[in-house]
Amino acid sequence: MNCRNRCCGCSGCFCCNRRGVTTKSSCDQILESIACMENSLSKILSSESEKLQKILQISNDPDEILAVNESINTTIINIMHLEQVLYNKLQITKSIYPDQGRRNLDEYADHSGQ
C-alpha cells in the first residue's frame with residue numbers, strides 16, 4: 001500500500017491517515033500534549049517530595065536516607081532532561097506554526113518557566 005497523499009512515498013504513514021486535521025487543530029494538539037506532560041512531571045516531582053519527607057520521618061539510618069536521596073536526584077535529573085525536550089518541542093512548534101496563535105504560544109512559553 002502506497003502513501004495516500006504521495007507526500008512521502010511510505011505505506012500509509014500517520015500523516016496520511018489523519019483526515020480533517022487542520023493546522024490550527026494540530027498546533028493545539030501539540031500544545032495539549034506538552035501541557036499534559038508538564039502536568040505529569042509536576043505530579044512526579046510532588047511524589048518525590050513526599051517520598052523524601054516520609055523517609056526523613058521514619059528513618060534514622062543515614063545510608064537509607066542517602067539511598068532514597070540518590071533515587072530522588074536521579075528522578076529529578078531525568079525530569080530536567082524531559083523538560084528540555086518539551087521546551088525544544090515548544091520552540092519547534094513555534095517555528096512550524098508562526099502565525100497560529102502566536103500570542104498563545106508565547107504565553108505558554110512564559111508560563112513554562114523557560
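How many salt bridges does the structure hold? It holds 1 salt bridge (a side-chain nitrogen of Lys or Arg within 4 Å of a carboxyl oxygen of Asp or Glu). We will meet the two partners below.

Residues are numbered from 1 along each chain as its sequence is written, and side-chain values use heavy atoms, with hydrogens and water left out.

The pLDDT, the predictor's confidence in each residue from 0 to 100, averages 80 for the protein, and 66% of the residues score at least 70. Helices here are DSSP runs (H or I, at least four residues), numbered from the N terminus. Confidence is lowest in helix α1 (residues 14-17), with a mean of 51, and highest in helix α3 (residues 62-96), at 95. Where pLDDT is low, the predicted coordinates should not be read in detail.

The partners are Lys51 and Glu48, whose closest N and O atoms are 3.2 Å apart. They sit 3 residues apart in helix α2 (residues 23-58), so about one helical turn separates them. An α-helix has 3.6 residues a turn, so residues three or four places apart point the same way.

Are the two partners buried or exposed? Buried means under 20% relative accessible area, exposed over 50%, and partly exposed in between (1.4 Å probe, protein chains only). Glu48 has a relative accessible area of 8%, so Glu48 is buried. Lys51, at 33%, counts as partly exposed.

## Helix α3 from end to end

At 1.5 Å a residue (times one less than the number of residues), the 35 residues of α3 should span 51 Å, and this agrees with the 51 Å between its end C-alpha atoms.

Several α3 residues are buried, among them Ile65, Val68, Ile72 and Glu83. Leu82 also belongs to α3; its relative accessible area is 37%, so Leu82 is partly exposed.

## A residue on the outside

Met80 is another α3 residue. With a relative accessible area of 54%, Met80 is exposed.

Key: Helices (H or I, at least four residues) and strands (E, at least two) are DSSP runs, numbered from the N terminus.
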